[in-house]
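Biologist: I am new to this one. Please show me the model, and let me ask about the terms.

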Amino acid sequence: MYTIQANQKGTRSIQVSEANLETIRRHALLRQLIDSTGYVDEAVLEKLRLNIRSLIAAQEGGCKDLLDLCIDVVYHNDMKAFGLGQLVRLYDEWAAAQEAGEQEGGGDESR
């Protein structure tokens, strides 16, 4: 379980699970979400929410992982643009660690 800061003062936080991060990866939810400025604002958060809604609507079933992500993180009462920026940062670090772990694991098998 990871914790992201939801506001600049650090008085609010959101718990993000490994399953939440895996859902983000599986559905590529953060890919091309942020424009070229790199600035995360409320419009970017709303875009993410709309993307997830459309994915849920397109699936007839089996979207429990997306619903869990919505409940736990995306529609959390404290989730604002700052929190989304922290989530993106956490996901980037997590994805890099996952990739490094896969490369190390792959190297052991070839020996």
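What follows is a short talk about the names given to some of its contacts.

Modeller: First, the ground rules. This is a predicted model, where local features need pLDDT of at least 70, side-chain atom pairs count only at pLDDT 80 or more, and totals for chains, interfaces and linings use all residues. Residues are numbered from 1 along each chain as its sequence is written, and side-chain values use heavy atoms, with hydrogens and water left out.

Biologist: Why is the contact of Asp78 and Arg12 called a salt bridge?

Modeller: The term asks for a side-chain nitrogen of Lys or Arg within 4 Å of a carboxyl oxygen of Asp or Glu. Asp78 and Arg12 meet at 3.6 Å, N to O, so the pair passes. The structure holds five such bridges.

Biologist: What does the pair of Asp78 and Arg12 tie together?

Modeller: Parts that are 66 residues apart in sequence, because Asp78 lies in the loop between helix H3 (64–74) and H4, and Arg12 in the loop between S1 and S2. Helices (H or I, at least four residues) and strands (E, at least two) are DSSP runs, numbered from the N terminus.

Biologist: Which residue forms a salt bridge with Asp65?

Modeller: Arg26, with the closest N and O atoms 3.2 Å apart. Asp65 is in helix H3 and Arg26 in helix H1 (residues 18–27), 39 residues apart.

Biologist: Is Asp65 buried or exposed?

Modeller: Buried means under 20% relative accessible area, exposed over 50%, and partly exposed in between (1.4 Å probe, protein chains only). Asp65 has 19%, so it is buried. Arg26 has 48%, so it is partly exposed.

Biologist: What makes Tyr91 and Trp94 a tilted pair?

Modeller: Rings of Phe, Tyr and Trp (its six-membered ring) pair if their centres lie within 6.5 Å; planes under 30 degrees apart count as stacked, over 60 as edge-to-face and the rest as tilted. A search of the whole structure finds one aromatic pair. Tyr91 and Trp94 are 5.8 Å centre to centre, with 35° between the planes, so "tilted" is the word. Both Tyr91 and Trp94 are buried.

Biologist: Why are Tyr91 and Trp94 separated by about one helical turn?

Modeller: Because they are three residues apart in helix H4 (residues 81–109).

Biologist: How do you know that the charged end of Arg49 sits over the ring of Tyr75?

Modeller: The rule wants NZ of Lys or CZ of Arg within 6 Å of the ring centre and within 35 degrees of the ring normal. The charged end of Arg49 is 4.9 Å from the centre of the Tyr75 ring and counts as sitting over it.
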